[in-house]
Amino acid sequence: MGADRGLHVEVSAKDYEDLSPFHVSKIFAALAKKEGVNLVLLGKQAIDDDCNQTGQMTAAFLDWPQGTFASEVTVDGDWLKVEREVDGGLETVRLKLPAVVTADLRLNEPRYATLPNIMKAKKKKIEVVKPSDLGVDLTPRVKTLSVEDPPQRQAGVKVETVDDLVSKLKESGRI
């Protein structure tokens, strides 16, 4: 909402099958350099593989500071104040721009687009680029050799007393 234009990174179906957070991070970093931005906002983690890697790797490729799991972001000149939830409460970090920030679900209240704005959005320019246009190689870096179910476990045995437990463990060679 409120964007002047969009970018669509088009990935072939063949390449999409092997696309990983590594490749997506490389694409985001290349786009950030190409567009000359100083802030990259990303989600916390993907819903398909739950990796939570893309934001961190994008920051590494750009050599920019990062704020992860942001629940509040405040811009102060060339600095960002990022508040995030941690086990002990809230943590606040201060980052020098340019930076990469990954968003927690509490970062923003969703807005709903009105019909006139939806119609305006349809007229906005969407530039289509390919990863190769950005200098990103999508050659797979990880190969799945096999996927197998774990071996079936044997059923357990109930025992009445501690002495029965100890004798069963001795019989099975566990102690």
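**Rings and helices in a predicted model**

Modeller: The charged end of Lys26 sits over the ring of Phe61, 4.8 Å from its centre. This is a predicted model: local features need pLDDT of at least 70, side-chain atom pairs count only at pLDDT 80 or more, and totals for chains, interfaces and linings use all residues. Residues are numbered from 1 along each chain as its sequence is written, and side-chain values use heavy atoms, leaving out hydrogens and water.

Colleague: What makes a charge sit over a ring?

Modeller: NZ of Lys or CZ of Arg must be within 6 Å of the ring centre and within 35 degrees of the ring normal. Arg141 also lies over a face, that of Phe22, at 4.2 Å from the ring centre.

Colleague: Why is the pair of Phe22 and Phe61 called edge-to-face?

Modeller: Ring centres of Phe, Tyr and Trp (its six-membered ring) must lie within 6.5 Å to pair; planes under 30 degrees apart are stacked, over 60 edge-to-face, the rest tilted. Here the centres are 5.4 Å apart and the planes at 80 degrees, so the pair is edge-to-face. Phe22 is in helix α2 and Phe61 in helix α3, 39 residues apart. Helices are DSSP runs (H or I, at least four residues), numbered from the N terminus.

Colleague: Why is Phe61 called partly exposed?

Modeller: Its relative accessible area is 29%. Buried means under 20%, exposed over 50%, partly exposed in between (1.4 Å probe, protein chains only). So Phe61 is partly exposed.

Colleague: How do you know that Thr58 is buried?

Modeller: Its relative accessible area is 0%, so Thr58 is buried. Thr58 lies in helix α3 too.

Terms used: Helix = DSSP H or I, 4+ residues; strand = E, 2+ residues; numbered from the N terminus.
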